[in-house]
Amino acid sequence: MITGITGQDGAYLAQLLLSKGYEVHGLARRSSSSDVNLSRLRWLGIEKDVRIVDGNLLDLSGLIRTVTAVKPDELYNLAAQSFVASSWQQPLLTGQVTALGVTNVLEAIRLVKPDTRFYQASSSEMYGLVQQPVQSETTPFYPRSPYAVAKLYGHWITVNYRESFGLHASSGILFNHESPLRGIEFVTRKVSDSVARIKLGLAKELRLGNTSAQRDWGHAKDYVRAMWLMLQQDTPDDYVVATGRTSTVRTMCEIAFSHVGLNIEDHLVIDEALFRPAEVEILLGDPSKAKSKLGWETSVTMEDLIREMVDADLARYRKH
Ligand SMILES: NC(=O)c1ccc[n+]([C@@H]2O[C@H](COP(=O)([O-])OP(=O)(O)OC[C@H]3O[C@@H](n4cnc5c(N)ncnc54)[C@H](OP(=O)(O)O)[C@@H]3O)[C@@H](O)[C@H]2O)c1
């Protein structure tokens, strides 16, 4: 069972699990315009292969009924209000979904099927104002947004349910991971989408905030493999999943522009209104534990990832 199956990671994880012969159930919210947004699952050609259950992380009764009906062997909790910028605009909702929502899912498991293996989607944003130059499982956290504070609650409640009730609950502290299925509001996809539109004459500029911020970027399809590996271990644990390499937003933009033969200087506009109220200047993860204990490795470089995203956005616009 996957919460957040309509999101980027949910789609790639569903694809991975289906390829391994799993029966995949996904919790999804209905919307008045499209019932359930299956566009990412459709992009991967698997929308008919998953079973969608109507639900919301805020509704414990629905979660209890769903866990009772599905009886999941593994439950991946990927649902969240996942966008840092929105978390300043909607701090309370972010806390309710991204923090307390985790407890709802854990309670449903604990009450109905405590042998379910549980994965919590924790985030490198929890390191925020970094306390060590390279962040590992033992680095102290210092969250810098309502999103990061909510994720920190989700992380610790997962650890607590593991230690208090013996649940097989693991938390993956994932650094940024992207793909052609990344939400359009996130910086890498905003860049790949804008570069594609500029190349095709549909736009002129790319407007960004702090381009000196540094992030450790990997490919989502590698990162969902790490989630699955965590639930195959005899003992639940917490793992940092990262590439171990960091780059500035500007470098990432340069790769995107040069891929289509454009000059960044002609199109990039820095907009102070897009800066975060409290910036996370640098994130750089140490994936040694995931490498040694899970045998996990990243397989896509940041350069190839960004080029793949630009190509996918070019193809999307050329199709329309
Ligand atoms: N991608 C990253 O770099 C990264 C890094 C670290 C951690 N994470 C975390 O990993 C998870 C997956 O990331 P992602 O990039 O796949 O995020 P995403 O594309 O934004 O997907 C978020 C998912 O959560 C669902 N959702 C939101 N509110 C919900 C609610 N109240 N009840 C039920 N479902 C709800 C969304 O459904 P709708 O389609 O209906 O909106 C969507 O399916 C998230 O928890 C994210 O915070 C991501």
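Predicted model: local features only at pLDDT ≥ 70, side-chain atom pairs only at ≥ 80, totals over all residues.

Reader: OK, and where is Gln81 found?

Author: Gln81 is in the loop that runs between β4 (74-77) and α4 (84-89).

Reader: Which backbone atom does the side chain of Gln81 reach?

Author: The backbone nitrogen of Phe83, at 3.0 Å.

Reader: And what does Gln81 touch, not counting residues up to four places away in sequence?

Author: With those left out, Gln81 touches Ser86, Ser87, Leu93, Thr94, Val97, Thr98 and Tyr147.

Reader: Let's switch to the other loop. Where is Gly183, and is Gly183 buried or exposed?

Author: Gly183 sits in the loop between β7 (177-178) and α7 (187-199). Gly183 counts as buried because its relative accessibility is 9%, and the cut-off for buried is under 20%.

Reader: What touches Gly183?

Author: Not counting residues up to four places away in sequence, Gly183 touches Arg40 and Arg189.

Reader: Which residues line the second largest pocket?

Author: The lining is made up of Met1, Leu17, Tyr22, Glu23, Val24, His25, Val70, Lys71, Pro72, Asp73, Glu74 and Tyr76.

Reader: How many residues of that lining are nonpolar, polar and charged?

Author: In the lining of the second largest pocket, 7 are nonpolar, 1 is polar and 4 are charged.

Reader: Lys71 is in that lining. What's its phi?

Author: Lys71 has a positive phi of about 50 degrees, although Lys71 is not a glycine. Lys71 is placed in the loop between α3 (60-70) and β4.

Reader: Buried or exposed, that Lys71?

Author: Exposed, because Lys71 has a relative accessible area of 53%, and exposed means over 50%.

Reader: Now the helices. Where does Ala290 lie, and why does Ala290 count as buried?

Author: Ala290 lies in helix α10, residues 288-294. Ala290 counts as buried because its relative accessibility is 0%.

Reader: What is Ala290 in contact with, leaving aside its neighbours within four places in sequence?

Author: Ala290 is in contact with Tyr239, Val240, Gly295 and Trp296, once those neighbours are set aside. Take Val240: Ala290 and Val240 are 50 residues apart in sequence and 6.6 Å apart in space, C-alpha to C-alpha.

Reader: And Val159, which helix is that in?

Author: Val159 is in helix α6, residues 146-165. Val159 counts as buried, at 5% relative accessibility. From Val159 to Gln120 is 39 residues in sequence and 9.7 Å in space, C-alpha to C-alpha.

Reader: One more loop: where does Asp234 lie, and is Asp234 buried or exposed?

Author: Asp234 lies in the loop between α8 (220-231) and β11 (238-241). Asp234 is exposed, with a relative accessible area of 72%. The C-alpha atoms of Asp234 and His168 are separated by 8.7 Å, and the two residues are 66 residues apart along the chain.

Reader: Last thing, the annotation. Which residues does UniProt list for "domain: NAD(P)-binding"?

Author: UniProt lists residues 1-309 for that one, in an unreviewed entry. Over residues 1-309 the chain is 41% helix and 15% strand, and the end C-alpha atoms are 28 Å apart.

Conventions. Residues numbered from 1 in each chain as written. Heavy atoms only, no water. 1 Å grid on protein atoms, 1.4 Å probe; cavity = no way out; pocket = protein on both sides within 12 Å on 5 of 7 lines; lining within 4 Å. Nonpolar A, V, L, I, M, F, W, Y, C, P; charged D, E, K, R; others polar. UniProt positions renumbered as here; feature names shortened; annotations may be inferred. Helix = DSSP H or I, 4+ residues; strand = E, 2+ residues; numbered from the N terminus. Polar contact = N/O pair within 3.5 Å; in protein donor to acceptor, adjacent residues only side chain to side chain. Contact = heavy atoms within 4.5 Å. Buried < 20%, exposed > 50% of the residue type's maximum accessible area, 1.4 Å probe, protein only.
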